[in-house]
Amino acid sequence: EMRYELKRAIEHVNRFAHLDPEESRDLVEELLDLEKVDATTAIKIADLLPQSRDELRAVYAKERYALDGDELDEVLNVVAKYV
């Protein structure tokens, strides 16, 4: 018998996980190849899988720099391969 917390955590992962671990690693590696994506941001993007420029801008909201339209599209194109 599993504890309640463990059971809830497994349910959460099964409900919200869209990629398997290997796909997530591949996505992060591909994002790291882009110029303005650091490791922390790549992991956030892999977790959230943003589908629009606005969603991606929210990931970069706390950064000291912002991406222009072409750079946003480049990141979204990478994410689209895995969704």
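## Leucine 49

Leucine 49 counts as buried, at 9% relative accessibility. Here buried means under 20% relative accessible area, exposed means over 50%, and partly exposed lies in between (1.4 Å probe, protein chains only). The residue belongs to the loop between helix 3 (39-48) and helix 4 (53-59). Most residues other than glycine have a negative phi.

## Basis of the model

This is a predicted model, in which local features need pLDDT of at least 70 and side-chain atom pairs count only at pLDDT 80 or more, while totals for chains, interfaces and linings use all residues. Residues are numbered from 1 along each chain as its sequence is written, and side-chain values use heavy atoms, with hydrogens and water left out.

## Overall layout

The protein chain has five helices and zero strands. Helices (H or I, at least four residues) and strands (E, at least two) are DSSP runs, numbered from the N terminus. Along the sequence the pattern is α-α-α-α-α.

Taken along the principal axes, the C-alpha atoms of the chain fill a box of roughly 50 × 25 × 20 Å. The chain has 83 residues, and buried residues make up 27% of them.

## The nonpolar core

The largest nonpolar core holds 20 residues. Such a core is a set of buried Ala, Val, Leu, Ile, Met, Phe, Trp, Tyr and Cys residues joined through side-chain atoms within 4.5 Å. Which members touch the most other members of this core? They are Leu27, Leu31, Val37, Ile45, Leu56, Tyr60 and Val75. At least two residues of the core come from each of helix 2, helix 3, helix 4 and helix 5. Helix 5 gives the largest share, five residues. In soluble globular proteins, nonpolar side chains tend to be buried together.

## Salt bridges within helices

The structure holds six salt bridges. A salt bridge is a side-chain nitrogen of Lys or Arg within 4 Å of a carboxyl oxygen of Asp or Glu. One of them joins the side chains of arginine 8 and glutamate 11, at 3.6 Å from N to O. Both residues lie in helix 1, three residues apart, or about one turn of the helix. Arginine 8 is partly exposed at 45% relative accessibility, and glutamate 11 is partly exposed at 36%.

Another salt bridge pairs arginine 57 with aspartate 54, and the closest N and O atoms are 3.2 Å apart. These two residues are separated by about one helical turn because they stand three residues apart in helix 4. Arginine 57 is partly exposed at 41% relative accessibility, whereas aspartate 54 is exposed, with a relative accessible area of 58%.

## A link to the end of helix 5

Glutamate 30 and lysine 81 also form a salt bridge, with 2.6 Å between the closest N and O atoms. Glutamate 30 lies in helix 2 and lysine 81 in the segment after helix 5, so the pair ties together parts that are 51 residues apart in sequence. The relative accessible area of glutamate 30 is 22%, which makes this residue partly exposed.

Lysine 81 is exposed, with a relative accessible area of 59%. The segment that holds this residue follows helix 5 (69-80). Lysine 81 and leucine 27 are 54 residues apart along the chain, and their C-alpha atoms are separated by 8.7 Å. Leucine 27 is also among the core residues that touch the most other members.

## Surface patches

Two surface patches can be described. Patches are made of residues with over 30% relative accessible area and no salt bridge, where like charges are joined within 9 Å and nonpolar side chains (Val, Leu, Ile, Met, Phe, Trp, Tyr) within 5 Å. Accessible areas come from the Shrake-Rupley method with a 1.4 Å probe, and for residues only the protein chains shown count as cover. Met2, Leu6 and Ile10 make a nonpolar patch of about 260 Å². Methionine 2 sits in the segment before helix 1 (4-16) and is partly exposed, with a relative accessible area of 44%.

A patch of negative charge gathers Asp20, Glu23, Asp26, Glu29 and Asp33 on the surface. For charges, Lys and Arg count as positive and Asp and Glu as negative, while His and the chain ends are not counted. The place of a charge is taken as NZ of Lys, CZ of Arg, CG of Asp or CD of Glu. Glutamate 23 is in helix 2 (residues 21-32). Its relative accessible area is 32%, and glutamate 23 is partly exposed.
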